[in-house]
Amino acid sequence: MDTDDLGLFGPGSVTWKVHEEPILIVAGLRSLYLQALHPRAMAGVAQNSNYRSDAWGRLVRTATYVGTTIYGTTAEAEAAGRRVRARHARMRATDPFTGDEFRVDEPELLRWVHVTEVESFVSTARRAGLALTDDEVDGYYTEQRRSAGLVGLDPDDVPGTAAEVADYYRDVRPQLRMTREAAETALFLTAPPIPWKLSLPARVGLNLGPPRWAYLGIAATALGMLPPWALRLYGGLGLPTTALSADLSARALRLALAAVPRRYREGPLQQAAKERAARLAAA
């Protein structure tokens with residue numbers, strides 16, 4: 001029964017522990033900065049997305065999808081995955097260097113998006129002060145192979161430990177570069193048009209109304225938390241002091257967000273998942 005279904009992960013999973021953290025708003029932005037450095041992946045987004053004219057709508061859809069895979073029932077998560085696969089299957093793009101047409105659901109591109117996303121989530125949470133052991137970090141990557149399967153990847157072909165993620169990044173780095181599209185996307189991410197009162201739908205569970213200066217601080221923190229090699233591609237020095245400054249900012253932001261009442265930090269999907277877990281525990 002869906003009323004008793006805890007979804008792909010559930011209480012006690014590292015995934016629930018990590019995604020309890022509101023600081024993951026920084027992680028999501030960090031992953032987008034990383035993803036923009038892959039020319040082929042960036043071409044797929046630029047040629048199939050209206051992210052510039054509908055940036056916040058895209059944010060809502062992405063947040064809803066992630067929330068569904070983390071906190072939805074198994075049926076809800078699988079249905080969300082089917083919708084994403086169907087949408088991607090129709091999309092084509094042109095390689096900016098070779099001129100070849102390609103499908104945006106190529107395993108190489110799906111793997112890049114998946115790895116940058118989950119690595120950003122767990123590394124940001126940890127650097128912001130969430131206590132995670134090395135075994136828990138590996139457990140998170142292993143658990144997230146289930147999410148990879150939803151978008152059409154073979155879970156066995158996705159890095160499942162921190163060491164495998166590090167190896168993956170080392171192998172893919174020769175393909176990464178700063179292109180014009182990457183630079184334009186990074187600029188857009190850093191200073192997008194922000195409504196004075198931004199309110200995401202209740203199903204996502206976020207209520208954000210930051211003035212531009214606050215958003216710029218979040219963007220600067222996300223950029224500073226990039227791996228040194230990625231920061232250098234963006235023209236930064238990738239110095240240890242940059243990472244330290246970003247870590248301190250993330251820790252301060254995490255403490256500030258922790259002071260926000262839980263009812264404002266948790267969306268309906270998360271609340272419903274905890275209610276199901278409580279019913280099962282009581283039974």
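Trainee: Why is Glu 20 called partly exposed?

Mentor: Its relative accessibility is 24%. Buried means under 20% relative accessible area, exposed means over 50%, and partly exposed lies in between (1.4 Å probe, protein chains only). Glu 20 therefore counts as partly exposed. Keep in mind that this is a predicted model, where local features need pLDDT of at least 70, side-chain atom pairs count only at pLDDT 80 or more, and totals for chains, interfaces and linings use all residues. Residues are numbered from 1 along each chain as its sequence is written, and side-chain values use heavy atoms, with hydrogens and water left out.

Trainee: What makes Glu 20 and Arg 262 a salt bridge?

Mentor: A salt bridge is a side-chain nitrogen of Lys or Arg within 4 Å of a carboxyl oxygen of Asp or Glu. Between Glu 20 and Arg 262 the N to O distance is 2.5 Å. The pair qualifies as a salt bridge. Glu 20 sits in the loop between H1 and helix H2 (24-35), and Arg 262 in helix H14 (residues 262-265), so the bridge ties together parts 242 residues apart in sequence. Helices (H or I, at least four residues) and strands (E, at least two) are DSSP runs, numbered from the N terminus.

Trainee: Is Arg 262 buried, exposed or partly exposed?

Mentor: Partly exposed, because its relative accessible area is 43%.

Trainee: Which residue forms a salt bridge with Arg 262 at 2.8 Å?

Mentor: Glu 266, with 2.8 Å between the closest N and O atoms. Glu 266 has a relative accessible area of 9%, so it is buried. Through shared partners, salt bridges join Glu 20, Arg 262, Glu 266 and Lys 274 into one network.

Trainee: How many salt bridges does the structure hold?

Mentor: There are 15. One of them joins the side chains of Lys 17 and Glu 136, at 3.1 Å from N to O. That pair links distant parts of the chain, 119 residues apart: Lys 17 is in helix H1 (residues 14-19) and Glu 136 in helix H7 (residues 134-143).

Trainee: Why are Lys 17 and Glu 136 called partly exposed?

Mentor: Lys 17 has 31% relative accessibility, so it is partly exposed. Glu 136 has 23%, so partly exposed applies there too.

Trainee: Why is Ser 31 called buried?

Mentor: Its relative accessibility is 4%, so Ser 31 counts as buried. Ser 31 lies in helix H2. Contact means heavy atoms within 4.5 Å. Not counting residues up to four places away in sequence, Ser 31 touches Thr 116, Glu 117 and Ser 120.

Trainee: Where is Thr 179, and is it buried or exposed?

Mentor: Thr 179 is in the loop between helix H9 (162-172) and helix H10 (180-190). Its relative accessible area is 15%, so Thr 179 is buried. Leaving aside neighbours within four places in sequence, Thr 179 contacts Pro 39 and Phe 97.

Trainee: How do you know that the radius of gyration agrees with a compact globule?

Mentor: The radius is taken over C-alpha atoms, and the globule rule is 2.2 Å times the number of residues to the power 0.38. For 283 residues, a compact globule would have a radius near 19 Å; the protein has 18 Å, which agrees.

Trainee: What share of the residues is buried?

Mentor: Buried residues make up 46% of the 283. The protein has 15 helices and two strands.
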